[in-house]
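Hi,

Here is the structure I said I would pass on. Have a look first, and my notes follow below.

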Amino acid sequence: MKLVVFSHKPCWRDPDVNSGFATDGGFPFQMNYLSQLFDSIQIVVPVSAAGTGGAPLTGRNLQVLPLTMPDGQGLRRKLALVPWLVKNAPALLGALRNADAVHVPIPGDIGTIGMLLALFTRKALFVRHCGNWFVQRTLAEQFWRWSMEAFSGGRNIMMATGGSTEPPCASGAGVTWIFSSSLTETQLESLARMPRREPGQSLRLITVARQEPGKGTDIMLRALQMLDGAVLDVVGGGSALAALRQSAESLGVANRVILHGKQPHSRVLELLQGADVFCHITASEGFPKAVLEALASGLPVVTTPVSVLPILVRGAGVILSSPTAEAAAEAIRSCTDPQVYRALSERARLNARQYSLEKWRDEIGRQLRTAWGPLTKAEDVSV
């Protein structure tokens, strides 16, 4: 079976990679493991002129079909999609024609186009919603959730990234939960074997996320005022970085805040290993891979009761009932007692082991085989 993936994830050319392309985030790791389920996989993505700090986009019989990069952001990008679609239509339709099945990660405009094309041509379809399933603030977000609920069933497999004790849809629509991960079982074991840095006189805090309003880093800057001597590593790019730098100056904590910006995955893991407590005072979330990586590194996590976070962090940190600087500071202090810290750290590593890329791949494979039958020629012959 040939799977075609339509995604808005920006990639760039890398002559040192077998596929010729690289990208960042968890996407390259997940595509590698998804490719192991199929005879071949084609990734249809926009390609930028250059990029840095990413990982190779490789996998079993994996090929990348480059699209031009849509222009602008927001409304400008939406308006530019019409000429973009005309220009890239031959590539999109050619990939669809040769596909046995289609996978689209959404939110995202290119994924949405791929989903609509697959529905129109009645291709086997696998949609993975990677945003906050519980919150739909825009018409686009409402459309994505409605379409997944409306078209689920049969050969249309719909998964929402996140988790809860309740199913994603109270209506009984066939949408199921799927977690997210960027760590293999070997990496989880390796991180678990590394000795944890015990909190010392200089408490080291860390937050890893795209730095946008609502991620809670501004709350952490105010909490830092109440934690004498503590240092905060802020990892991730985003539109809020300039405001955070200014806020750190005005709060008088700039000398204890390090704004690292966007970092390669390997560097993020290094920074996590050098920290004491992970802080994620977010207002909205899907399934944050950075929290999983922090748990795998043995870090107690201070976070909010948003989406899957209470399940992910259970017993390995503090879930704030109120997302305030005072509550965050008190929660961080409660984690630093040596005996408490060791217990939280052990539980953190235990929780993380449930979410490997191998388990992610196997759960997706189980659901796809139930709906589609064998995914490879070898499986078909053995059946």
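Before the helix packing, a word on terms: axes are lines fitted to C-alpha atoms, for helices over the stretch in contact, and angles run from 0 to 180 degrees between N-to-C directions. Helices (H or I, at least four residues) and strands (E, at least two) are DSSP runs, numbered from the N terminus.

Keep in mind that this is a predicted model, where local features need pLDDT of at least 70, side-chain atom pairs count only at pLDDT 80 or more, and totals for chains, interfaces and linings use all residues. Residues are numbered from 1 along each chain as its sequence is written, and side-chain values use heavy atoms, with hydrogens and water left out.

Now the packing. The axes of α6 and α7 lie 10 Å apart, at an angle of about 15°. That makes the two helices roughly parallel (angles under 35 degrees). On the α6 side, T217, D218, L221 and R222 make the contact (heavy atoms within 4.5 Å), and on the α7 side L244, S247, A248 and L251 do.

Just after α7 comes G252, with a positive phi of about 75°.

Cheers

Key. Parallel < 35°, antiparallel > 145°, perpendicular 65-115°, else oblique.
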